[in-house]
Amino acid sequence: MKYFIGADLGTSSLKLILTDSEGKIINSVTKDYSVSYPKSGWSEQNAEDWWTAFKLGLPELIKDINGEDIAGIGVAGQMHGLVILDESDNVIRPVILWNDGRTWRETEYLNTVIGKDALSENTANIAFAGFTAPKILWVKENEPENFEKISKIMLPKDYLNYLLTGVHACDYSDASGMLLLDVKNKCWSEKMLEICSVKMEQMPRLFESYDVIGTVLPEIASELGISSKAIVVAGAGDNAAAAVGTATTGEGKCNISLGTSGTIFVSSEKFGVDKFNALHSFAHADGGFHLMGCILSAASCHKWLCDKVLCEKDYGLLEGEIDTALLGKNELFFLPYLMGERSPINDTDATGMFIGLRPDTSRSQMLLAVLEGVSFAIRDNIEIAKSLRIDIKASCLCGGGARSKLWRKILANVLNIQLNIPVAEEGPGYGTAILSMVGAGEYASVSEAAEELVGIKEKVLPEESLVALYEERYQKFRLIYPTVKELYKNLK
């Protein structure tokens, strides 16, 4: 029997899953690590913690099988994080993460001085604070001694792949979010590298997500207890991997993820650009392309309110207090901009905000407002897709937030679409396990593998009465940000 490992290198934990060649999940293991916030709006992580988590988790994952039967490994990763290595391949500084907002000056420089039109022409995207290129410019300006040490620039999951194989590699889906890739032509943009003072030799080699980049180094295989013949594929950015894990491949399919961040992901066989640049135009892990909208705080808003404000970690208990008769009638609104916001407003100054608090406001109303606020922010991105004549009638739904039946119900009615819940909840991890199967030759293509392996366990349908109520609430929600936009800048 052949086995495959899918890894999801997330913001708060590494999730490992083990599958057989028929896609059955045999085991899963999660190892947590911390995020540091050195200054307001900053977000960093130690890359060594990822490798420690991998080495601790793998023996647990394969404890009931022969490690020599591991045929392939695929890694998905949080996107945009800046991992910089010196000439000895040591990590130079803590990784600046995707939700770090320190690069607002660099982002403004790229969008105004270099210009959005030039950026879109060279990369198919404009600059957002979370992207990698502004981070590189920030290091150059603020840490010149570290900038001079850079030998290789990588993304989080690529660092794990390097430690496994000794190969500096990156896939097109993850590279798309660096603002350094010519997405249309799938190559590094010489113009963008020049703007960021980066040399071509400092960039990793590019691959399709299902391409084999190498096999596990003998010494690493021995340490981990697996075969040195196990192939490692290039892997994918977490959202592209999640899309594979929900069979969102080929033309015109949609996946919504409620993870730490929230995304809408529309797959396409052809390259296309949102003329407003509110949605990202990226390569897909299936070899095609996709449009994606990303809100920086989704399930993390839920965790923040429950853990930090309400001091209650029993999420089921809190959700059980919400009276479903209040759906669509809650007086309280919540703007989910805890880390600023990316799509579609691109505003690093934005912050989270409750509006409508009264003396009798309950904690259940606050939690409901958070679930609704994130759902409304997701809809903001759906509305952009509609403006591009993309007709989304149904979507898969994955991520930790998707485990909440209440949240699924709210989202289906806010968006007025059918939500399909896949059998495998692992999303990115399951997607990269599929990619490794394709790389190992078990399937001819990503789409073929996904269609055969991914099943749907539940369909959540909108309800006409709730759709009408939430339509009215959404139209009020969308008035709030334009009203307070200038206030954010004055409060800096």
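Okay, cysteine 301: it's buried, with a relative accessible area of 0%. Keep in mind this is a predicted model. Is cysteine 306 buried or exposed? Cysteine 306 is buried too, and its relative accessible area is again 0%.

So what about disulfides? Searching the whole structure turns up zero of them. For cysteine 301, the closest cysteine sulfur belongs to cysteine 306, and it sits 11 Å away, which is too far for a bond. The cut-off here is 2.5 Å between the sulfur atoms. Cysteine 306 is in no disulfide either; its nearest cysteine sulfur is the one in cysteine 311, 10 Å off.

Strand S2, residues 13-20, pairs with strand S3, residues 25-32, in the antiparallel sense, over seven bridges.

Next, the open sheet. It has seven strands, with mixed pairing, and the order goes S18-S19-S17-S16-S22-S23-S24. Which strands stand at the edges? Those are S18, at 280-283, and S24, at 456-460; each has a single partner strand, so one side of each is left without a neighbour in the sheet. From one strand to the next, the twist averages 30 degrees.

Inside that order you'll find S17 and S16. Strand S16, residues 254-258, runs antiparallel to strand S17, residues 262-268, and five bridges join them. Leucine 258 stands opposite glycine 262 in S17.

Key
Residues numbered from 1 in each chain as written. Predicted model: local features only at pLDDT ≥ 70, side-chain atom pairs only at ≥ 80, totals over all residues. Heavy atoms only, no water. Buried < 20%, exposed > 50% of the residue type's maximum accessible area, 1.4 Å probe, protein only. Pairing = 2+ DSSP bridges. Helix = DSSP H or I, 4+ residues; strand = E, 2+ residues; numbered from the N terminus. Axes fitted to C-alpha atoms, helices over the stretch in contact; angles between N-to-C directions.
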